[in-house]
Amino acid sequence: MVSIRILFAMLITGLLTVNCVAQPTGVLKGKVTHGITNETIPGASISLVNNPSKGAVADIDGMYSLVLDTGVHRLVCSYTGLSNDTFEVSIASDAITKQDITLSPTTKLLETVVVSSGKFDQKLEELTVSMEVLKPGLINSRNTTSVETALEQTPGLTIIDNDPQIRGGSGFTFGVGSRVAIVVDGIPLLSGDAGRPEWNYIPVENIEQIEIIKGASSVLYGSSALSGVINIRSAYPRKKPKTIINYSVGYYSPPPKPAENWYNASLPMFTNLNLLHSRIVHKNLDIVIGGNFNIDQGYIGPPPPAEELPLSLKNALQMTDTIPTFSNDDMRKIRGRLNFNIRYRSKKITGLSYGINGNGMLNKTNMDLAWYDDSLGLYKGYPGAVFLEKQQLFNLDPFIKYIKANGVSHSLVTRIFHSNNDITNNLSNSGTLYYGEYQLQRIFRNYDFTFTGGVVGSLSKSHSPLYASSGSADNQVTNAAGYLQLDKKFWQFLNISGGFRYEYFQVNDQQSVVAPIFRAGANIQVLKGTYIRTSYGQGFRYPTITERYITTKAGMFGVFPNPDLQPETSQNFEMGLKQGFKFGNIMGYLDIAGFHQKYENTIEWLFGIWEPSIATIGFKFLNTGDTRVRGIDISLVASTPEENKNFGVTALIGYTYVEPISLTPDLYYAHEKSLTGGPGDSLSYKNSSLNSKGNVLKYRFSHMVKADVQFKIHRFGAGMSYRYYSKMKNIDTAFALIEDLTSQIKQIADIKGVNWWQSHKGFNIFDFRVSYNLDEKQKLSIICNNAFNVAYALRPMKIEAPRTTSIQYVYTF
């Protein structure tokens, strides 16, 4: 028995001795730098190929250190936007092995890294959804003073009078209740009361890239992402400080005949100044300061003075207010904006960063709802349909992020966004949006699996007599949500993604609304450079304060509330193919997608006779039933490597076909009143449409072509942009009603637009630009937009800009 105990004790002792013998190790150290700029790359990831969970992250000096077992190891170094570097090292016991790493920019467009789809770094070709990426080169070469002019070149995306429309997913609502989420660095930037984008407020001088998701994206981005997302990503400093001065000046050409030249012998001018300075202080403090100053006379002239109406006629039309008279100086737009980004990267705790971003703007502008007439007065406003506006906007965005080497990251981003809009005709309003989002992410490198989860809260407060129909001029919307997304890669060629979100909404003290939202998708690489994807996503949009409660009037026109407005939902399904190609030094990809979108409780802004005791005729937001949009989206992207300084070409070309139809054309969704105040007509899609053939939805373009091509030869550059919009097949019958009504009153100028809409079959718009690099720091450009001076409109009774010509000077040092 004793011998057995002794043997057992010896066995245990031996096992413990074996387990206590440490595996010999060594240390791998080095620096990670950029292959072209030679700058260090803080945050670069270094890990074992066969055990991705074991790795390190480069510190603020680009240095890394990793303890490894002795022997030969294969490692990979990666960083967003740069090509991976895979290398082998031999580790000796108790020794330090030095291995510096150089990462170069990717030379393949298919390796473009994006973050919007899953809120983590992904390669463009591996996404399960359709996405377009706009680089700074396109934005800067077009002399972009407001970001929507660059977005207009995106295939499948149209900006209709400030209202973003992706693949025909929405009609025209003067930008109120956007169905496309506008986010800057992942944080929403829509006004709290109206859900309206403020394009002039976005700092175009400091954009890293713009990512546009096409299709319902509410799981990660919430209510407004019913048909897509526009994510503007800001740039942070590099090792070398940079200052950019961008100045331009230009003019509007006289409008094409027969339109009247309202500015007579002079030409309306515009001038713009962008400033940017970015630097790294003491290796770990990132500072970016930017600014913009803009003066623009505009191309819409002031309305002719309105004839004073007889009192009896005023009473009949419920026109108790006086129509103001505006001058050219009143119509001039003046804007000043200042923004900053400050980020501190901790020296003591690797991966910890925190800071604050901010932006503020003073803006004098105007809103033009309708032209004076459809011939001589195309470029003049209609009396009573022009409003002057003074805006004060600012936001502050404190944030903190912590990224660990084991793939775990924590992020807390917050925003306070305040807007004050002083508008003529008693349309003034103010509001404050409070937003916060915490996100936890874990990347399991061993399993090619990413977990993303978060909670979101927002509170939108608004004050305006416009919304007093709710019972008070003070209103608020409370939103809370939680989301979860899982992304998994199988066998190095199949990507699976799925997500869930739970939304909570409440307006004032009304009953709350909750909604679960789902999405799923897959992407498979079938050949080298060939990827097939499919996705399904749900969308949910809660009506804004403006849509529910707005009440106002101007002249004989009004806007009326609808407190019973219900949320609208969507389902989006698509299949797509992305094919990479290479012809000589030109590389790129072709993307083809078919999509099917269905909307329930679709919200539209309709003209009608709602309360003739207040205003003769006006608008109201209504749930109009179910709709469907399906079609094809094709885009081609190509470029040459940036390293080639003597020759270069970039191209973004796209075609979009949409078939938008009403699924409930006979549904009566509202009841008008007669001009005498009695019962009027019941409204349906069919009797509110000027062209109900095929049940085509209003304010959509069935065919769109977009193209932008840029060439570089030594110091010279030349570019061309092209946009084609087919005929808008359907608009509201109310426009014909307005024509009839105003034509019967001699003292009121006729409002005309139907004949103009019927006679124009489509528009072809060309822009041209040339540039010359005076030296490595200075660039001079001439830009001509709408070069053939086409008179065109993207929505009824609102003309777009005539030809503009400008000179741009850029100094970078």
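## A buried charged pair

K214 is buried, and E132 is buried too. Buried means under 20% relative accessible area, exposed means over 50%, and partly exposed lies in between (1.4 Å probe, protein chains only). The side chains of K214 and E132 meet in a salt bridge, at 3.0 Å from N to O. K214 lies in strand β16 and E132 in strand β11, so the pair ties together parts that are 82 residues apart in sequence. A salt bridge is a side-chain nitrogen of Lys or Arg within 4 Å of a carboxyl oxygen of Asp or Glu. Helices (H or I, at least four residues) and strands (E, at least two) are DSSP runs, numbered from the N terminus.

This is a predicted model: local features need pLDDT of at least 70, side-chain atom pairs count only at pLDDT 80 or more, and totals for chains, interfaces and linings use all residues. Residues are numbered from 1 along each chain as its sequence is written, and side-chain values use heavy atoms, with hydrogens and water left out.

## The sheet around that pair

Strands β11 and β16 belong to an open sheet of five strands. The order is β11-β16-β17-β14-β15, and the pairing is mixed. Two strands pair if DSSP finds at least two bridges between them. Which strands stand at the edges? They are β11 (130-134) and β15 (187-188). Each has a single partner strand, so one side of each is left without a neighbour in the sheet.

Inside the order, β16 (residues 207-214) and β17 (residues 228-234) run antiparallel. Seven bridges join these two strands. One example is I207, whose bridge partner in β17 is S234.

How many salt bridges does the rule give? The count comes to 32. One of them joins the side chains of E260 and K380, at 2.4 Å from N to O. This pair links distant parts of the chain, 120 residues apart. E260 sits in the loop between β18 (242-252) and β19 (269-281). K380 sits in the loop between β22 (352-368) and β23 (386-403). E260 counts as partly exposed, at 35% relative accessibility. K380 counts as buried, at 15%.

K673 forms a salt bridge with E611, and the closest N and O atoms are 3.2 Å apart. K673 is in strand β39 (residues 670-673), while E611 is in the loop between β35 (603-608) and β36 (617-623). The two lie 62 residues apart, so to speak in distant parts of the chain. K673 counts as partly exposed, at 30% relative accessibility. E611 also counts as partly exposed, at 26%. Salt bridges that share partners join E132, R167, K214, R533, E574, K578, D591 and D633 into one network.

## Aromatic pairs

A search of the whole structure finds 26 aromatic pairs. Rings of Phe, Tyr and Trp (its six-membered ring) pair if their centres lie within 6.5 Å; planes under 30 degrees apart count as stacked, over 60 as edge-to-face and the rest as tilted. F505 and F540 form a tilted pair, with 6.0 Å from centre to centre and 40° between the planes. F505 is in strand β28 (residues 494-507) and F540 in strand β30 (residues 530-541), 35 residues apart. Both residues, F505 and F540, are buried.

Now take F766 and F788. Their ring centres are 5.6 Å apart and their planes stand at 85°, so the pair is edge-to-face. F766 lies in strand β43 (residues 762-773) and F788 in the loop between β44 (778-785) and β45 (793-795), so the pair ties together parts that are 22 residues apart in sequence. F766 is partly exposed, with a relative accessible area of 26%. F788 counts as exposed, at 55% relative accessibility. Elsewhere, ring pairs link Y252, F270, Y299 and Y379 into a cluster.

Q710 lies in strand β41 (residues 703-713). Is Q710 buried or exposed? At 18% relative accessibility, Q710 counts as buried. The side chain of Q710 makes a polar contact with the side chain of R769, at 2.8 Å. A polar contact is a pair of N or O atoms within 3.5 Å; within protein, one must be able to donate a hydrogen and the other to accept it, and residues adjacent in sequence count only if both atoms are side-chain atoms.

Leave aside the neighbours within four places in sequence. Q710 is then in contact (heavy atoms within 4.5 Å) with S141, G648, V649, T650, G717, A718, G719 and R769.

## Cysteines

How many disulfides does a search of the whole structure find? The search finds zero. A disulfide is a pair of cysteine sulfur atoms within 2.5 Å. C77 counts as buried, at 0% relative accessibility. C784 is buried as well, with a relative accessible area of 16%.
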